[in-house]
Amino acid sequence: MKVKRIVTNLAADKVEAARAFYEDVLGLDVLMDMGWIVTFGAEERMKVQISVMSEGGSGTPVPDMSIEVDDVEEALRRCRSAGFAVEYGPADEPWGVRRFYVRDPFGRLVNIVMHR
């Protein structure tokens, strides 16, 4: 048996509010929209990972999810332009990433990260 995909499911009263962050800011495509569920994604092949953490690193809280991007500065600019407050960073971490924390429209803490 092989794991083929891991899907993050987020409970939300207003699923359409997700577009401002996951589609407009992060640039993910809408793969499915049935009204009660909107699935965002990309056609790019991605690694399957689950991280189990006692802290978020550098004394930060454990984020609800991490999203790796190819340009963390552009992601930061888009978050700020869209009015999403940065809660940590941007920071160059000793384990070789540059990242920042932001909350999505539903209050989940998202670690936006780029490997250096």
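## Close-up views of a predicted model

**View 1. Surroundings of D92 and its salt bridge to R98.** With a relative accessible area of 46%, D92 is partly exposed in this predicted model. Its salt-bridge partner is R98, and the closest N and O atoms of D92 and R98 are 3.2 Å apart.

**View 2. The salt bridge between E73 and R98.** R98 also forms a salt bridge with E73, in which the closest N and O atoms lie 2.4 Å apart. Because E73 belongs to helix α2 and R98 to strand β5, which spans residues 97–103, this pair ties together parts of the chain that are 25 residues apart in sequence.

**View 3. The salt bridge between R78 and E74 within helix α2.** Across the whole structure, a search finds 9 salt bridges, and one of them joins R78 to E74, with the closest N and O atoms 3.1 Å apart. Both residues lie in helix α2, and because R78 and E74 are 4 residues apart there, about one helical turn separates them. R78 is partly exposed, with a relative accessible area of 32%, and E74 likewise counts as partly exposed, at 25% relative accessibility.

**View 4. The aromatic pair of F21 and Y22.** The whole structure contains 4 aromatic pairs according to the search, among them the one formed by F21 and Y22, which is edge-to-face, with 4.8 Å from centre to centre and 90° between the planes. Both F21 and Y22 are buried, and for F21 the relative accessibility is 0%.

View 5. F21 lies in helix α1 (residues 19–25), while F84 lies in the loop between α2 (72–81) and β4 (86–92), so the pair ties together parts that are 63 residues apart in sequence. F84 counts as buried, with a relative accessibility of 14%, and F21 counts as buried at 0%. Ring pairs link F21, Y22, F40 and F84 into a cluster.

**View 6. A negative surface patch that includes E68.** The residues E44, E68, D70 and D71 form a negative surface patch. One of these residues, E68, is located in strand β3, which covers residues 65–68. E68 counts as exposed because its relative accessibility is 54%, and the cut-off for exposure is over 50%.

Key:
Residues are numbered from 1 along each chain as its sequence is written. This is a predicted model: local features need pLDDT of at least 70, side-chain atom pairs count only at pLDDT 80 or more; totals for chains, interfaces and linings use all residues. Side-chain values use heavy atoms; hydrogens and water are left out. Patches are made of residues with over 30% relative accessible area and no salt bridge: like charges are joined within 9 Å, nonpolar side chains (Val, Leu, Ile, Met, Phe, Trp, Tyr) within 5 Å. Accessible areas come from the Shrake-Rupley method with a 1.4 Å probe; for residues, only the protein chains shown count as cover. A salt bridge is a side-chain nitrogen of Lys or Arg within 4 Å of a carboxyl oxygen of Asp or Glu. Lys and Arg count as positive and Asp and Glu as negative; His and the chain ends are not counted. The place of a charge is taken as NZ of Lys, CZ of Arg, CG of Asp or CD of Glu. Helices (H or I, at least four residues) and strands (E, at least two) are DSSP runs, numbered from the N terminus. Buried means under 20% relative accessible area, exposed over 50%, partly exposed in between (1.4 Å probe, protein chains only). Rings of Phe, Tyr and Trp (its six-membered ring) pair if their centres lie within 6.5 Å; planes under 30 degrees apart count as stacked, over 60 as edge-to-face and the rest as tilted.
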